[in-house]
Number of protein chains: 4
Amino acid sequence: MSSNWGNPIHLSIFGESHGPGIGVTLDGLPAGEAIDLDELQIQMARRAPGHDRTATPRKEKDLPEILSGMLEGRTTGAPLCALIRNTNTRSGDYQNLSVLPRPGHADYTGYIRYQGYNDIRGGGHFSGRLTAPLVFAGAVCRQILKRRGIDIGAHIYSIRGIVDQPFDPVDVDGPLLQRLSHMNFSLVNPEAELPMRDAVEQARLSLDSVGGIVECAAVGVPAGLGSPMFGGVENVLSSLLFGIPAVKGVEFGDGFAAADLTGSQHNDPFRMVDGNVRTVTNHAGGILGGITTGMPIVLRTAIKPTASISQTQNTVDLVTGQNAELAVQGRHDPCIVPRAVPVVEAAVAVAILNLMAEGNKL
Amino acid sequence: MSSNWGNPIHLSIFGESHGPGIGVTLDGLPAGEAIDLDELQIQMARRAPGHDRTATPRKEKDLPEILSGMLEGRTTGAPLCALIRNTNTRSGDYQNLSVLPRPGHADYTGYIRYQGYNDIRGGGHFSGRLTAPLVFAGAVCRQILKRRGIDIGAHIYSIRGIVDQPFDPVDVDGPLLQRLSHMNFSLVNPEAELPMRDAVEQARLSLDSVGGIVECAAVGVPAGLGSPMFGGVENVLSSLLFGIPAVKGVEFGDGFAAADLTGSQHNDPFRMVDGNVRTVTNHAGGILGGITTGMPIVLRTAIKPTASISQTQNTVDLVTGQNAELAVQGRHDPCIVPRAVPVVEAAVAVAILNLMAEGNKL
Amino acid sequence: MSSNWGNPIHLSIFGESHGPGIGVTLDGLPAGEAIDLDELQIQMARRAPGHDRTATPRKEKDLPEILSGMLEGRTTGAPLCALIRNTNTRSGDYQNLSVLPRPGHADYTGYIRYQGYNDIRGGGHFSGRLTAPLVFAGAVCRQILKRRGIDIGAHIYSIRGIVDQPFDPVDVDGPLLQRLSHMNFSLVNPEAELPMRDAVEQARLSLDSVGGIVECAAVGVPAGLGSPMFGGVENVLSSLLFGIPAVKGVEFGDGFAAADLTGSQHNDPFRMVDGNVRTVTNHAGGILGGITTGMPIVLRTAIKPTASISQTQNTVDLVTGQNAELAVQGRHDPCIVPRAVPVVEAAVAVAILNLMAEGNKL
Amino acid sequence: MSSNWGNPIHLSIFGESHGPGIGVTLDGLPAGEAIDLDELQIQMARRAPGHDRTATPRKEKDLPEILSGMLEGRTTGAPLCALIRNTNTRSGDYQNLSVLPRPGHADYTGYIRYQGYNDIRGGGHFSGRLTAPLVFAGAVCRQILKRRGIDIGAHIYSIRGIVDQPFDPVDVDGPLLQRLSHMNFSLVNPEAELPMRDAVEQARLSLDSVGGIVECAAVGVPAGLGSPMFGGVENVLSSLLFGIPAVKGVEFGDGFAAADLTGSQHNDPFRMVDGNVRTVTNHAGGILGGITTGMPIVLRTAIKPTASISQTQNTVDLVTGQNAELAVQGRHDPCIVPRAVPVVEAAVAVAILNLMAEGNKL
């Protein structure tokens with residue numbers, strides 16, 4: 001129930017950061033879907049550290065090997081398993097963590113959960129590296145969705161409070177999302193890049209880190225997907241999104257800003273446009289009663305600042321039961337937000353494919 | 001997959017607003033747990049409209065009849081089903097909705113999803129009335145949790161931007177949560193009540209509505225609950241919370257505010273306190289890597305302004321395909337936030353009991 | 001995970017034999033399906049004791065009240081809940097069971113499982129009475145299937161080794177199954193009735209009981225339903241069938257007889273018939289690799305002899321830890337096989353509707 | 001939902017017979033469990049063809065590579081993934097199957113299910129080779145169970161009607177099961193071997209095949225595991241067992257033989273033995289009301305004769321829609337029953353570990 005998700009599209013993720021390999025098995029995919037491996041590779045690369053200046057110097061090669069589920073470039077309908085070998089690690093950086101849990105990390109909670117037996121090297125199964133299999137799965141799903149007229153894309157909404165131009169929830173369209181989902185520092189307005197990078201650089205120099213918000217949209221999703229109560233689109237998407245390390249909040253449409261509006265401001269009036277039912281505004285983010293309206297789905301995820309910072313921090317020694325100090329060595333991302341963008345897109349892609357399958361739209 | 005949730009504690013909710021009855025079946029409860037029916041009734045009453053000045057005049061009697069799963073005041077371990085009869089409805093208020101979907105409601109999306117066959121009277125299965133069974137389930141669960149030292153309580157964090165005093169995420173304690181969970185207009189600081197009620201009254205006079213934010217905390221939860229990735233505490237809680245109508249955002253700990261902090265500001269240092277591992281601050285809201293730390297779990301849900309407003313609104317006529325207008329009659333809550341408080345507590349209680357069962361703590 | 005089953009068609013059963021009521025919630029039904037309540041009643045009556053000479057004199061009125069999910073005679077798509085009140089019980093018959101578990105019953109195992117808190121009256125949640133909600137659910141499902149050309153019917157294959165004429169697995173057809181599923185003592189060959197009833201009567205006179213086998217078939221099921229491995233038709237059906245009390249074996253096609261055949265005897269050759277792919281024989285019972293072939297699905301369930309017999313039996317006293325004796329009073333069915341027939345049909349109907357929904361055939 | 005199973009112990013199997021590799025991911029295992037890799041290898045070898053005279057000359061090396069979930073010989077609690085490379089195949093043997101489905105195989109049903117896109121080489125995902133990952137998973141689970149006093153073992157109950165000595169359902173014990181689960185042609189009474197091998201050899205000479213029955217037992221399982229209705233031990237075990245290719249029937253205790261007994265013959269009286277509640281006989285096979293009694297669990301699976309036979313068979317040409325003939329070349333097992341023995345044990349081990357986890361016994 002933890003590293004497994006979904007029905008009828010099922011995701012099973014395995015791997016630890018410093019183990020032999022990580023990967024994912026996708027079950028329930030429709031058969032006969034052509035999958036472009038180069039496009040998969042582009043998505044994997046957007047996530048990998050070392051491609052962008054903000055990121056960790058650790059260079060992972062996320063070349064997935066497909067072990068099953070594909071034949072002659074098409075899905076067979078049987079489970080599709082992809083394996084990514086871990087090749088570029090330095091175990092020594094993590095030596096003293098078994099007794100000194102790092103603040104903000106899952107060292108302490110994993111220790112309690114697994115009675116000390118979990119693999120802590122690089123964070124083990126909790127490592128951000130485990131987003132690579134999720135991006136692979138999402139990249140497969142999004143190709144299947146694209147073929148059905150659905151586009152998914154995300155951008156850096158903000159880093160350290162420095163904002164990009166947000167999506168227009170009515171007019172956001174496929175071409176914009178296509179463009180964003182092929183960028184490494186995804187922004188709607190390029191002018192936001194410099195101040196954002198400055199903020200990140202400042203953090204690096206201070207041995208600190210910063211967080212931000214990722215905004216994601218999906219267009220072309222037919223109306224009528226999802227189910228009331230616990231099978232709603234928000235439930236399904238958030239159950240995946242909160243599986244991305246560092247995500248501490250998820251909102252749809254106006255989200256928390258809706259709390260300050262009146263009903264007459266927030267309600268989206270209906271209107272016929274070219275024979276289709278549309279809404280004039282889209283404060284709802286494309287979802288009413290847990291079910292899609294056909295308008296763009298718009299959501300935002302809050303990414304906490306990276307827990308790994310080189311500053312000295314207070315902690316405890318789990319063996320002696322005494323207070324202690326810790327200065328984490330190693331190679332840290334001062335800001336993972338740019339790399340979280342393709343991960344958010346991936347989670348949304350897997351969720352929407354599941355909703356499409358459930359709604360008999362595949 | 002929609003009105004069903006959970007494993008090993010399973011929730012199955014049924015009912016439509018104007019049908020014969022609504023209810024819930026809870027499966028997987030531990031056997032032998034004493035359930036105080038009067039306490040259940042208190043929780044049901046907090047949710048029901050007509051008890052508080054902000055609410056709808058429609059007075060529901062949410063007296064649940066327990067059909068199974070209890071014997072001599074204790075759970076038997078077999079599924080516990082509770083039925084609530086619908087007695088106080090006026091069908092006539094909703095007559096023209098079959099072709100004129102109300103903005104902000106699930107009329108249109110339900111129509112597409114169920115090809116026009118869904119029961120729309122009072123919103124049918126999408127109605128806010130369906131939170132009554134959820135409150136019942138939560139009330140049962142919270143008694144089982146209380147017995148194990150866990151308290152859950154929530155308050156109105158804000159209405160229309162008017163804020164209450166927020167929880168102190170380190171010091172929030174059982175007595176405060178106990179007090180809040182027995183109030184009808186739950187506030188930490190009573191001085192916030194008047195301005196909040198004013199804002200609601202203004203909305204009512206304008207034939208409009210307002211939204212707000214509910215903040216909930218759980219204390220006494222042992223460390224080590226939850227699983228990495230998709231079985232994390234945030235995933236489990238949000239999958240239930242987004243099932244509450246009108247919830248458009250969920251955040252944990254600092255939530256979206258964390259996006260503006262640095263790592264050194266957001267990380268919670270560990271410290272030994274009376275032989276226990278605690279954190280000095282609690283920006284994480286009691287959860288790291290999806291697993292509980294033992295510190296208070298703190299979360300916030302964004303409640304959009306009630307969609308039902310009496311102002312005239314633009315919509316479409318689903319039969320003729322023309323634009324149209326709509327003025328909804330009937331009895332509307334200009335603000336459901338006070339009544340959402342016990343519903344949020346209920347969802348959190350069900351989720352935490354599930355995590356406790358999964359973690360072998362029952 | 002116990003009294004809940006299925007996805008996307010979900011079944012949640014509640015109730016104890018002597019509690020206020022029993023019932024079922026069916027979630028995931030397609031919307032707009034007309035349900036004939038009289039036909040439902042006929043199916044409920046086939047199962048109820050007191051309609052057939054072999055059965056218990058206890059007369060239950062299984063009149064279900066539909067609480068939700070139906071409007072103007074059609075499913076709304078929202079969860080459909082039916083409640084059956086318990087009205088005709090005599091608690092006194094079961095007084096001493098809390099310490100003297102009856103052999104063959106779940107008294108002992110339920111006591112261990114629920115630490116003594118389970119409701120034992122009439123067997124509580126383990127009672128055969130809990131097949132009534134399953135029959136209701138199956139009756140709803142079979143109407144939806146019938147509309148799509150699928151017929152399901154079962155007969156008494158044998159009682160105490162006295163056999164009926166078995167189904168011809170190639171030629172069994174809708175009219176035969178229709179006829180069988182409206183009989184109270186369902187037989188293909190009426191001449192088997194007399195010897196069977198004699199065997200039952202002999203058992204009654206001896207304060208004993210007999211068991212038998214129920215054979216069920218489904219015709220008109222399209223090819224291609226089910227999934228390999230654990231989602232196969234046999235897996236799905238058996239996971240429901242073993243939930244019927246007293247079922248101790250399930251086999252498909254030739255079943256255990258296949259173990260004595262050679263491959264050339266058991267393989268079903270393919271042949272074109274009127275442009276359709278058919279098999280010449282049907283030893284496979286309509287299933288290959290867990291997936292339907294389009295040929296009739298044929299299966300058999302072994303029903304153990306009713307555990308409730310009036311003979312004195314050896315048991316233990318769970319309080320004193322001593323050996324003891326027990327003579328169960330009360331009203332017992334010497335043979336439940338005739339009444340198990342509609343229950344087997346019901347389980348098969350629910351399972352096949354789930355497979356149809358999963359295979360996008362609804 | 002197909003190649004995935006279980007909660008909280010979850011199994012995800014991937015792979016096609018002639019693809020790069022097959023494997024399994026096991027999620028939810030308890031942390032800190034020592035796993036003996038040599039013992040795993042022994043179990044894998046029992047299943048692999050080429051070790052026993054009855055089997056296919058195709059020699060698979062089932063050397064699993066563990067990619068995650070283990071550290072220093074112990075489970076970490078994170079998902080455990082094992083990969084087995086496919087190395088010894090001859091694609092050419094299967095060339096004409098895309099249009100001529102083999103009787104008794106999933107060629108036709110897989111073609112319909114996956115619209116012709118499934119990988120048919122060697123049977124693809126339907127191949128018996130996919131039992132290797134299941135055996136791996138079972139081998140891991142059984143070590144965890146053994147540590148808790150639970151033994152599982154199976155034997156060839158019969159081949160082509162030639163029987164071994166069956167288990168004594170009361171006295172079957174750990175040492176016997178240990179012995180059987182380390183044999184390649186598992187028999188209680190060695191004298192059955194010769195006539196069985198003769199029957200197999202006769203089949204081989206006739207270009208035919210034979211089937212049989214595998215009987216499995218588990219001892220040391222505590223009482224009180226399982227849940228009523230659909231969560232019962234029979235439901236859980238059969239949902240896995242029917243995932244083994246060629247299984248067409250599953251029975252527990254006396255199974256289908258119970259249908260010929262009377263209640264007084266079939267009921268198992270209770271008796272105190274050394275302060276423990278036991279039953280004098282064990283017709284119930286260790287399960288009452290879906291819950292374990294503490295007595296040995298005994299079950300039988302019917303294995304149909306291998307579908308792959310070299311005789312010419314009638315089939316259809318799926319492209320031309322004409323009748324046709326087929327003679328399958330290649331290397332076929334005339335009897336897979338001896339190799340099914342470890343697979344049945346594996347399925348039972350996975351299921352019982354799941355029940356133990358669910359019952360908080362781990």
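Reply: Two salt bridges are counted between chain B and chain A, a salt bridge being a side-chain nitrogen of Lys or Arg within 4 Å of a carboxyl oxygen of Asp or Glu. The side chains of B:Lys248 and A:Glu234 form a salt bridge, at 3.1 Å from N to O.

This is a predicted model, in which local features need pLDDT of at least 70 and side-chain atom pairs count only at pLDDT 80 or more, while totals for chains, interfaces and linings use all residues. Residues are numbered from 1 along each chain as its sequence is written, chains are lettered from A and ligands numbered from 1 in the order in which they are written, and side-chain values use heavy atoms, with hydrogens and water left out.

Across the interface of chain B and chain A, 44 residue pairs are in polar contact, both residues at pLDDT 80 or more. A polar contact is a pair of N or O atoms within 3.5 Å; within protein, one must be able to donate a hydrogen and the other to accept it, and residues adjacent in sequence count only if both atoms are side-chain atoms.

The contact (heavy atoms within 4.5 Å) takes 95 residues from chain B and 95 residues from chain A. Chain B and chain A bury about 7,600 Å² between them, 65% of it on carbon and sulfur atoms; buried area is the accessible area (1.4 Å probe) that two parts lose on being put together, summed over both. In chain B, B:Phe230, B:Lys248 and B:Phe270 lose the most area to chain A, together 11% of what that side buries.
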